[in-house]
Amino acid sequence: MKAAIVKAARSTPVYGDFDEPVAQSGQRIVTVKASALSQFAKSRASGSHYSSDGGFPAVAGIDGVGRTEEGQRVYFVMPEAPFGALAERTLVRTEHCISVPDGLDDITAAAIANPGMSAWAALMERAHFKSGETVLVNGATGTAGRLAVQLAKYLGAAKVIATGRNEAELEEVRALGADVAIPFTLGALHPFGEKHYEEALMREFATGIDVVVDYLWGASARAIIAAIAKTVEDAKPVRFVHVGGASGDESIDLPGAGLRSSPIVLMGSGLKSVRLPVLLEAIKSVFEAAVPAKLQIATKPVPLSEVGEHWSAAGKPRVVFTLG
């Protein structure tokens, strides 16, 4: 069968022939129709993600949409190594498949599953968000951040605050439901440097913020934590959920005094901090919300044969590899 094959760590997948999967008890062979390119898929294929098993050659791709041998249309995740989602057929545990609603097309389902899950799990499973609360999405201009804004509004947020580097894209996020947009250019002194960013955050925290969903980490996250420490006086905790490190800065300095003197709860959300069955339930919830919430996600369908040309594509629009 045809597949996107990773032959060595940190190498770009190549389109070629790979052995057919053979199902054992408790496994399904899925004929793949669509699989989205994600940072998770890239890092796992490269061997750098903590969930990677490091075996090569292997087929890239961690999730997708397809049909089982019985004809059921499913979303699947975490195929059995060395098989992956970027192939004509893949091998998946039965419990790693969920049905796709009829009103959701293959490409949208494949594109929305991973980023939608990250937002839903952060809000509902980790932060235990309640309708009427205020949510700040740090890194709201990315694909996952945009979905987090939309889902927070759909779930009943009284106010959603969006942060990001690109002012024009922040205006697009406003159109998706954000009530407040705060731009920043970290490291600069003017006009939206870290000091000005922290001051803008403090004005918002003074009026009350319940949940922070962070897709960036790095300096922007540090500024948010500093604003919480300086502004929030009562004992009502601000639940800070770290989801992704899109800033590229995996380490920040956190002053102990600031943490001791502020009502902040720091937590992460992702594979292993949230059990896989719970993540699958989050995806199911996102699928069910997609139509009534009118969730929007920009996609770029491309044939799997062009995997080498698009493997390094940026996150927007979301590249979705198609088969058949």
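Residues are numbered from 1 along each chain as its sequence is written, and side-chain values use heavy atoms, with hydrogens and water left out. This is a predicted model, in which local features need pLDDT of at least 70 and side-chain atom pairs count only at pLDDT 80 or more, while totals for chains, interfaces and linings use all residues.

Ala282 counts as buried because its relative accessibility is 2%. Buried means under 20% relative accessible area, exposed over 50%, and partly exposed in between (1.4 Å probe, protein chains only). Not counting residues up to four places away in sequence, Ala282 touches Met117, Trp120 and Ala121; contact means heavy atoms within 4.5 Å. The C-alpha atoms of Ala282 and Ser118 are separated by 8.3 Å, although the two residues are 164 residues apart along the chain.

Now follow the rest of helix H8, residues 276–290. At 1.5 Å a residue, its 15 residues should span 21 Å, and its end C-alpha atoms are 21 Å apart, which agrees. The expected span is 1.5 Å times one less than the number of residues in the helix. H8 is mostly covered, with 11 of its 15 residues buried. Among them are Leu276, Leu279, Ile283, Val286 and Phe287. What covers the buried residues of H8 includes strands E6 (73–77) and E8 (97–99), together with helices H2 (106–126) and H3 (143–154).

Stepping back, the protein chain has nine helices and 16 strands. Its radius of gyration is 20 Å, close to the 20 Å that the globule rule gives for 324 residues, so the chain is as compact as a globular protein of that length. That radius is taken over C-alpha atoms, and the globule rule is 2.2 Å times the number of residues to the power 0.38. Along its principal axes, the C-alpha trace spans about 60 × 40 × 35 Å. Buried residues make up 54% of the 324 residues in the chain. Of the contacts with a separation of 6 or more, 70% are between residues 24 or more positions apart.

Charged pairs come next. The whole structure holds 13 salt bridges, each a side-chain nitrogen of Lys or Arg within 4 Å of a carboxyl oxygen of Asp or Glu. In one of them, Arg146 meets Glu169 at 3.8 Å, N to O. Arg146 lies in helix H3 and Glu169 in helix H4 (residues 167–175), so this pair ties together parts that are 23 residues apart in sequence. Arg146 counts as buried, at 15% relative accessibility. Another salt bridge joins Glu198 and Lys230, with the closest N and O atoms 2.5 Å apart. Glu198 lies in helix H5 (residues 194–207) and Lys230 in helix H6 (residues 218–231), so the pair ties together parts that are 32 residues apart in sequence. Glu198 is buried too, with a relative accessible area of 13%. Salt bridges that share partners also join Arg146, Glu169, Glu172 and Lys316 into one network.

The chain exposes about 14000 Å², and carbon and sulfur atoms supply 51% of it; accessible areas come from the Shrake-Rupley method with a 1.4 Å probe, and for residues only the protein chains shown count as cover. Leu254, which counts as partly exposed at 32% relative accessibility, lies in the loop between strand E13 (238–242) and helix H7 (256–260).

Notes: Helices (H or I, at least four residues) and strands (E, at least two) are DSSP runs, numbered from the N terminus.
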